[in-house]
2 protein chains.
Amino acid sequence: MTEVATARRSRITPEREAELYGATLDLLREVGYEALTMDAVAARTKSSKATLYRQWGGKAELVVRALRHSKPGGLALTDIDTGSLRGDFQALLVREDDCAMEQSSALMRALGMAIHANPDLLQAFRELLIEPEMAEFHKVLQRAIDRGEVSADNPAIGYVLHMMIGGFVARTLIDEQPPTQAYLRDYIDAVVLPALGVPVP
Amino acid sequence: MTEVATARRSRITPEREAELYGATLDLLREVGYEALTMDAVAARTKSSKATLYRQWGGKAELVVRALRHSKPGGLALTDIDTGSLRGDFQALLVREDDCAMEQSSALMRALGMAIHANPDLLQAFRELLIEPEMAEFHKVLQRAIDRGEVSADNPAIGYVLHMMIGGFVARTLIDEQPPTQAYLRDYIDAVVLPALGVPVP
């Protein structure tokens with residue numbers, strides 16, 4: 001899928017691509033996934049529907065690529081290596097500022113139900129967002145294991161993304177506040193590191 | 001709100017109430033919160049819309065009371081006191097069997113976006129579901145503190161519901177499986193108890 005998509009995307013400029021992604025996310029926020037149509041994206045961006053289908057294949061891939069594009073710095077954390085798991089987690093957080101995080105949170109809510117009702121959306125979401133994110137988390141955790149910070153058989157290792165998603169989702173629901181960097185730093189110190197057996201200074 | 005609602009509800013039999021709640025949840029699963037109308041509930045249950053409004057005041061309270069009613073054993077955990085936090089958490093889990101848990105999970109997804117778009121739904125959801133659930137968690141945790149199992153200043157105490165919601169939500173998203181009792185028992189042993197500093201045997 002990646003190679004095909006890259007070939008397809010090369011036909012438009014990065015500026016135009018960013019513009020199309022921005023319009024897609026605006027529409028997603030306004031009407032939700034089910035009511036979002038390729039016609040509406042075409043109309044708002046003054047492009048042809050044929051172009052959109054040629055570039056992205058369909059609504060699911062367009063929406064997920066737009067989401068992925070909205071993450072500043074993309075998903076690549078390979079350059080994060082602060083020497084401690086706590087430092088790496090904190091470096092991970094600053095990829096998105098509080099405003100971007102509030103927007104992601106609203107976008108994820110807009111997608112919540114649709115993800116489980118549309119198998120193609122779930123598949124694109126997993127392939128393009130969850131799996132790369134998990135792979136990067138695993139790299140960070142593997143380095144912590146190699147350094148001896150985390151025991152290789154710690155049962156919480158497989159649940160790091162679950163804990164993080166929980167902190168993110170529950171903040172809005174329980175505390176009626178958007179997740180912020182300060183909140184997530186506190187959550188990591190209180191929950192994620194202790195579960196992994198890493199002492200918090 | 002509670003007293004008024006009790007007075008209102010007393011006008012119908014518990015059997016009829018259960019029937020109305022069942023129809024409401026069926027419709028919620030079928031069409032989602034936004035498209036669910038009091039007209040549709042009235043038609044399906046052969047009742048008058050005026051009765052529904054008199055009993056529940058509106059769609060938000062009807063939906064949340066139906067959700068609350070669907071939890072077997074209700075939300076009261078006051079009778080749970082096994083002598084250990086791990087035992088109390090496990091007793092909490094068996095309130096809902098795997099089938100009921102999968103249904104709750106689907107219903108919560110159906111509500112996800114609507115909760116943040118409808119302030120009256122969010123308020124009913126918090127008052128009737130989140131706050132009672134948090135109060136019961138706090139009782140269980142307070143007993144663990146009194147027994148000396150958990151330190152009163154453990155920073156994870158305020159995040160127990162966040163961790164649990166994370167385990168629940170992320171299971172479907174990351175693992176493509178419904179949350180089950182076996183999974184949640186494992187998650188509690190791997191994440192929640194270690195974060196609270198409680199040794200797992």
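**The interface between the chains**

Between chain A and chain B, the count of salt bridges is zero, a salt bridge being a side-chain nitrogen of Lys or Arg within 4 Å of a carboxyl oxygen of Asp or Glu. Please note that this is a predicted model, in which local features need pLDDT of at least 70 and side-chain atom pairs count only at pLDDT 80 or more, whereas totals for chains, interfaces and linings use all residues. Residues are numbered from 1 along each chain as its sequence is written, chains are lettered from A and ligands numbered from 1 in the order in which they are written, and side-chain values use heavy atoms, with hydrogens and water left out.

Four residue pairs, both at pLDDT 80 or more, are in polar contact between chain A and chain B. A polar contact is a pair of N or O atoms within 3.5 Å; within protein, one must be able to donate a hydrogen and the other to accept it, and residues adjacent in sequence count only if both atoms are side-chain atoms.

On the side of chain A that touches chain B, H9(A) gives the largest share, 13 residues. Helices are DSSP runs (H or I, at least four residues), numbered from the N terminus. That side divides into 23 nonpolar, six polar and six charged residues; Ala, Val, Leu, Ile, Met, Phe, Trp, Tyr, Cys and Pro count as nonpolar, Asp, Glu, Lys and Arg as charged, and the others, Gly among them, as polar.

In contact terms (heavy atoms within 4.5 Å), 35 residues of chain A meet 34 residues of chain B.

Now to the helix pair. The axes of H8 (residues 119-146) of chain A and H9 (residues 160-175) of chain B come within 10 Å and cross at roughly 110°; axes are lines fitted to C-alpha atoms over the stretch in contact, with angles from 0 to 180 degrees between N-to-C directions. H8(A) and H9(B) are therefore roughly perpendicular, a term for angles of 65 to 115 degrees. Phe125(A), Arg126(A), Ile130(A) and Met134(A) of H8(A) make this contact with Leu173(B), Ile174(B) and Asp175(B) of H9(B). By class, five of these residues are nonpolar, none polar and two charged.

Technical notes: Helix = DSSP H or I, 4+ residues; strand = E, 2+ residues; numbered from the N terminus. Parallel < 35°, antiparallel > 145°, perpendicular 65-115°, else oblique.
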